[in-house]
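Please look over the sequence and the fold before reading on.

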Amino acid sequence: MYDLLVVGAGPYGLSIASHAAAAGLNVRVLGRPMASWRDHMPAGMFLKSEPWASNLTDPQGRWRLDAYCATQGMTARHAEPIPVATFAAYGLWFARNAVPPVDERMVSRVAAHPAGFEVVTEDGEVLHSRTVALAVGVMPFVEMPSALRGLQPALASHSSHHSDLDRFRGRDVTVIGGGQAALETAALLAEQGTRVRVLARADRLCWNDVPPLWERPWWESARLPHSGLGCGWRNWFYAERPDLFRRLPESVRARVASTALGPAGAWWVRGRVERTVEVLLGREVAAARAVPGGVRLEMAGRTGEPLSLETEHVIAATGFRATLDRLGLLSAELRGDLAVAADGSAALGRNFESSHPGLFLAGLLTASAFGPAMRFVHGATFTATTLVRGVRHRLGGTPLAVTPPPRVGWRPAETPSQARC
């Protein structure tokens with residue numbers, strides 16, 4: 001019997017496990033470390049967030065991104081984007097140094113049990129724990145436009161389905177969306193020789209500004225403070241005070257979670273897109289059907305005029321919709337026992353605990369409760385410290401002194417540097 005089972009080994013899951021182990025909890029982590037970052041992002045992508053806002057968190061603050069970069073002879077600098085490959089390698093380094101051995105098996109089912117929870121791994125082993133933290137990342141919540149859902153994967157896919165874009169060399173691809181994922185995917189496609197266009201509903205693309213200098217006069221910092229989500233007092237509130245965000249009315253929280261920090265491209269990708277990518281604005285896909293050689297998209301413009309185009313493949317960079325009904329690993333009984341907010345997300349207490357005692361949630365699924373920071377790595381620090389405090393409260397402040405069975409350890413070889421910070 002464990003005190004805490006953490007389901008998911010991305011930035012949130014690893015951070016929670018680090019804090020839980022330091023608190024003396026008997027904790028086990030299940031999942032492939034940094035899987036989304038390693039398997040669902042194409043080579044050549046960069047983090048949009050600043051290096052100093054992209055740390056996984058341990059109680060002593062020893063295993064930061066800049067510390068990892070230093071071990072590789074690199075420097076993490078403000079306003080210099082970090083390659084995703086480097087960030088994924090950093091996460092593996094964090095897992096080796098700050099977290100108990102990770103069990104790489106995936107979880108197929110989580111159900112309630114008289115003593116807490118029953119967790120079934122992909123190979124059928126049954127584990128028991130007094131509490132569970134679900135830190136499953138974004139992949140269960142992929143959002144595809146309804147017009148594309150009937151198409152075969154060979155014709156339409158989500159941007160998160162690609163770790164390698166080479167299959168599209170020399171082909172014609174249409175990317176749907178106006179945010180960072182769409183724009184950076186389109187830039188990478190164009191740079192490898194793909195004929196690519198971006199199709200967006202908005203009348204114009206939005207671009208983030210180059211961040212101001214880190215060291216600047218105090219009055220500039222007071223007027224426009226840095227935060228883990230960007231500059232300005234509004235972003236500072238979202239980034240640094242999720243506890244106060246949770247006290248806002250539910251309707252306000254849901255609106256902010258769905259609209260704040262909306263679709264926009266990073267300043268460093270703008271030139272790459274404007275030089276090489278065709279952009280079609282004010283267009284929304286109304287229907288799509290397979291035709292010889294690809295897909296025919298039927299679109300509606302802002303004035304209502306019908307438009308159409310044919311392309312060999314459609315990539316939907318249309319984000320994620322985190323609702324409880326998409327958490328298929330929860331048993332039907334447990335999922336049905338959870339209180340649901342108006343937007344379909346979970347109703348959570350102040351320590352990330354769901355309405356079912358002992359079941360804690362982390363990451364994107366908590367954005368409607370704790371704000372936009374939960375969509376970014378930066379939110380892992382608040383989540384890990386607050387959630388582990390909630391677990392200890394649920395356990396009565398005294399973790400079980402139980403020797404766990406042998407663990408399926410995870411200790412990969414040192415990952416060489418793949419890119420410069």
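## Helix packing

Is the crossing of α1 and α4 left-handed or right-handed? In this predicted model, the crossing of α1 and α4 is left-handed. The axes of α1 (residues 11-22) and α4 (residues 84-98) come within 10 Å. They cross at roughly 20°. Angles under 35 degrees count as roughly parallel, so α1 is roughly parallel to α4.

From α1, the contact uses Pro-11, Leu-14, Ser-15 and Ser-18. From α4, it uses Phe-87, Gly-91, Phe-94, Ala-95 and Ala-98. Six of the residues in this contact are nonpolar and three are polar. None is charged.

## Nonpolar cores

The largest nonpolar core has 105 residues. Leu-14, Phe-87, Val-110, Val-132, Leu-134 and Val-175 have the most contacts inside it. Helix α4 gives the most to this core, with ten residues. Leu-14 and Phe-87 also belong to the contact of α1 with α4.

A second, separate core has 17 residues. Among them are Leu-155, Ile-176, Val-295 and Ala-316.

Leaving out residues up to four places away in sequence, Val-175 touches Ala-182, Ala-186, Leu-189, Val-196, Arg-197, Val-198, Leu-199, Ile-315 and Ala-317.

## Thr-276

Thr-276 lies in helix α10 (residues 270-276). Its relative accessibility is 42%, so Thr-276 counts as partly exposed. Thr-276 and Leu-189 are 87 residues apart along the chain. Their C-alpha atoms are separated by 9.7 Å. Leu-189 is also one of the residues that Val-175 touches.

Technical notes. Residues numbered from 1 in each chain as written. Predicted model: local features only at pLDDT ≥ 70, side-chain atom pairs only at ≥ 80, totals over all residues. Heavy atoms only, no water. Axes fitted to C-alpha atoms, helices over the stretch in contact; angles between N-to-C directions. Helix = DSSP H or I, 4+ residues; strand = E, 2+ residues; numbered from the N terminus. Parallel < 35°, antiparallel > 145°, perpendicular 65-115°, else oblique. Left-handed = near helix turned anticlockwise from the far one by under 90°. Contact = heavy atoms within 4.5 Å. Nonpolar A, V, L, I, M, F, W, Y, C, P; charged D, E, K, R; others polar. Core = buried A, V, L, I, M, F, W, Y, C linked by side-chain atoms within 4.5 Å. Buried < 20%, exposed > 50% of the residue type's maximum accessible area, 1.4 Å probe, protein only.
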